[in-house]
Amino acid sequence: MEKTKEIYAVCHVNDVAKRRAVGYVLARLDESGKTVPFPIVIARHQGRFYGYVNCCPHQAARLDFEPKQFMDPSLRFLLCGKHGAQFDIVSGICRDGPCKGQKLERVEIIVDQDEICVVGVELAEEDGLDRPENDETPEIVIQPE
Ligand code: FES
């Protein structure tokens, strides 16, 4: 029997404006069962939503080195503010910068009744694990399947 994937509502579709990206810090359990922050970024591009772990493949910094800044000035690429890596929004591949060719880790998301939901990640029900000035902290809602 296939295990049902958990679905967690993170935000409403209107919370992520066109050609923008928003960061959220969820909480997940590590291998030892400890609750650890799970920062993600959700980007909206050409009517679709893309989720990634908010961790640059270059030096594992958060992309929003400057609080809430995820996009390059043209709004065409995700940007790591630490050293300027630019990532394709659809593929997550770095197109320019010190980690060119490397990829952001994708987070599977779906849109369900205008809610953007993370799928297939075991999250802990805890929030407030991060800088409050820098992140939206959603109320995690577990939706039974
Ligand atoms: S840590 Fe992101 S470009 Fe260096």
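## Strands and loops

In this report, a strand is a DSSP run of type E with at least two residues, and strands are numbered from the N terminus.

The model described here is predicted. Its protein chain contains 0 helices and 11 strands, so the order of elements from the N terminus reads β-β-β-β-β-β-β-β-β-β-β. The chain has 145 residues, of which 30% count as buried.

Four strands form an open sheet in the order 2-3-4-8, with antiparallel pairing. Strand 2 and strand 8 (106-107) are at the edges and have a single partner strand each, so one side of each lacks a neighbour in the sheet. In general, the strands of a sheet pair through backbone hydrogen bonds, in either a parallel or an antiparallel sense.

Within this sheet, strand 3 and strand 4 are antiparallel and are paired over 6 bridges. Ile40 stands opposite Val53 of strand 4. The loop between strand 3 and strand 4 holds Gln46, a residue other than glycine with a positive phi near 50 degrees. Gln46 counts as exposed because it has 8 C-beta neighbours inside 10 Å, and the limit for this class is 12 or fewer.

## The nonpolar core

The largest nonpolar core comprises 33 residues, and those with the most contacts inside it are Ala21, Ile40, Val41, Ile42 and Leu78. At least two residues of this core come from each of strand 1 (7-12), strand 2 (21-29), strand 3 (35-45), strand 4 (48-53), strand 5 (77-79) and strand 10 (115-119).

Val41 illustrates how residues from separate parts of the sequence meet. When neighbours within four places in sequence are left aside, the contacts of Val41 are Ala21, Gly23, Tyr52, Asn54, Leu63 and Phe70.

## The hairpin of strands 9 and 10

Strand 9 (residues 109-112) and strand 10 run antiparallel and are joined by 4 bridges. Ile110 stands opposite Cys117 in strand 10. These two strands form a hairpin with 2 residues between them, and Gln113 in the turn has a positive phi of about 50 degrees.

Lys68 is partly exposed because 13 other C-beta atoms lie within 10 Å.

Gly81 belongs to the loop between strand 5 and strand 6, and Lys82 is found in the loop between strand 5 and strand 6 (86-88) as well.

The C-alpha atoms of Gly81 and Asp64 are 5.9 Å apart in space, with 17 residues of separation in sequence. For Lys82, the contacts are Cys56, Gln59, Ala61 and Phe65. Lys82 and Ala61 are 21 residues apart in sequence, whereas their C-alpha atoms are 7.2 Å apart in space.

Key: Residues numbered from 1 in each chain as written. Predicted model: local features only at pLDDT ≥ 70, side-chain atom pairs only at ≥ 80, totals over all residues. Core = buried A, V, L, I, M, F, W, Y, C linked by C-beta atoms within 7 Å. Buried ≥ 20, exposed ≤ 12 C-beta atoms within 10 Å, placed from the backbone. Contact = placed C-beta atoms within 7 Å. Pairing = 2+ DSSP bridges.
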